[in-house]
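Subject: Structure handover

Hello,

The sequence and structure are below, followed by notes on what was found. Please read the notes next to the coordinates.

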Amino acid sequence: MIFAARAVLVSLAFFAVVYCSLSTLVALVWGAAERLRKGLIPLSASLLFGLRIFSFVLSGVITVCFALPSFWLMERATFDEEGGTFILAACALTVIGAGVSRVLRDQSSTTHALQEWLLRTWSVESGVTKPALGAANGAPALILVGITRPRVMISDAAASALSDDELQVAVRHELGHRRSWDNLKKVLISASPFPWMSGLENAWRVAAELAADDAAVESRQEALDLAAALIKLSRAPKQPPEPALASGLMCASSAVAVRVQRLLHWRAAGPGMRRMWPWALVVLLAMTGTIASHYGATLALTHRLTELLVP
Amino acid sequence: MASPDSSFEDVVLADPLGPLERQVHRAVWQRGSATVREIIQDRTIWQRYSTILTTMDRLFRKGFFSRVQEGKAFRYVARFSPEELERLAAVRGIRHLLKSEHASLHLSYFVGVVGEHDEKLLDELQALVERQRAELRLKKGERK
């Protein structure tokens, strides 16, 4: 029992060291990249999201798959942990606790906002596969709500202001967020708190909006419809900001003018760069295979690393 | 006056540039580095040698330039881009407004002006969208 508690304690301490080091590295790399690109080179939403949660996922995987088993298999039964281990484990628990509380707070504020706006449920035809929700009481024009089964919520103001074509392409923008699991990504970002990440998070939000615009539009006509919808909705009386765990058409962090200009210069994208994930999957599988074939050696290495990093 | 080792914000927020200083800063930034003689030879700034010399020395003392000795003269390098200076100058102006006695009044004027600007921009963008839609309709009509 005590040995199991020690294993958890040391693993948490190891997680704290790896997570803080990697997150600091990510923040530094992002800061340097921002200074170099000066906002001029567009970055893909997937890349930015990957960079944002890289430290949390990697430190979690290393801790669960390597640090914990290596302690279990290779550590002596004598109690030799120092005070530093307890402090680091407390840091890890603080990070995890802060993440959980942020998610719960965001979820609660989102639910509260939705209850205020929601009027009734109704189906929107014309290319929309999932039923949409109608809303009023000053709700944002269009937002995607829900984490595991997201649905599009359309305000009565948006439904009356937009033409059928404009509404259809605006809904497809929200479905673009759904295909990218953007609300789930927001949960993961909330769950992995670290200071100095707000710049990266904002950049991801803007890139996610642009990606959803691209996903919604398949012709020049649709690009113009979406641009017209954005202009119409931005003229509407001041709307409340989108809830933390929802994806809106009129995202506060992305400038409408920039998006409209982009849509005005819309060109059909080439087929080459659209699907990068199969390659990422191949690389991931190859890495997993390599590590699995040398699992014993990796555990020994992790154990030595744990002894080095955790006092 | 800011020292040459001061941070970017300290330098720009402490002492904004005058018109000639701005010109000289831009000329040095465009060259990468420059001596007083090189700026004169570029003929983009029509001023006397001593005026340029004094201005470049002042920019160094304010912290906008760094410099190294090259023979009897100095070679100057601009520490910040003109865009960074513009951004900080704007920040300085807004901070100045917000610190004043009538901050909320100034802020309401500012919001009003931004609103007017936004409206104009939206009008222009809407006109562009409508023009492109009309062109597209015309093309479709011609094909039929």
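Two residues are in contact if their C-beta atoms, placed from the backbone, lie within 7 Å. This is a predicted model, in which local features need pLDDT of at least 70 and side-chain atom pairs count only at pLDDT 80 or more, while totals for chains, interfaces and linings use all residues. Residues are numbered from 1 along each chain as its sequence is written, and chains are lettered from A and ligands numbered from 1 in the order in which they are written.

Interface. On chain A, 11 residues are in contact with 9 residues of chain B. At least two residues of that side of chain A come from each of α8 (220–234) and α9 (256–264); helices are DSSP runs of H or I with at least four residues, numbered from the N terminus. The largest share, 7 residues, is supplied by α8(A).

Helix α3(A). This helix covers residues 83–117, and its 35 residues should span 51 Å at 1.5 Å a residue, which agrees with the 51 Å between its end C-alpha atoms. The expected span is 1.5 Å times one less than the number of residues. Buried residues in α3(A) include L88(A), V103(A) and W117(A) (buried: 20 or more other C-beta atoms within 10 Å of the residue's own; exposed: 12 or fewer; partly exposed: in between; C-beta atoms placed from the backbone).

P311(A). This residue is in the segment after α11 (295–309) of chain A. P311(A) counts as partly exposed because it has 13 C-beta neighbours inside 10 Å. Leaving out residues up to four places away in sequence, P311(A) touches E82(A), G84(A) and T85(A).

Regards
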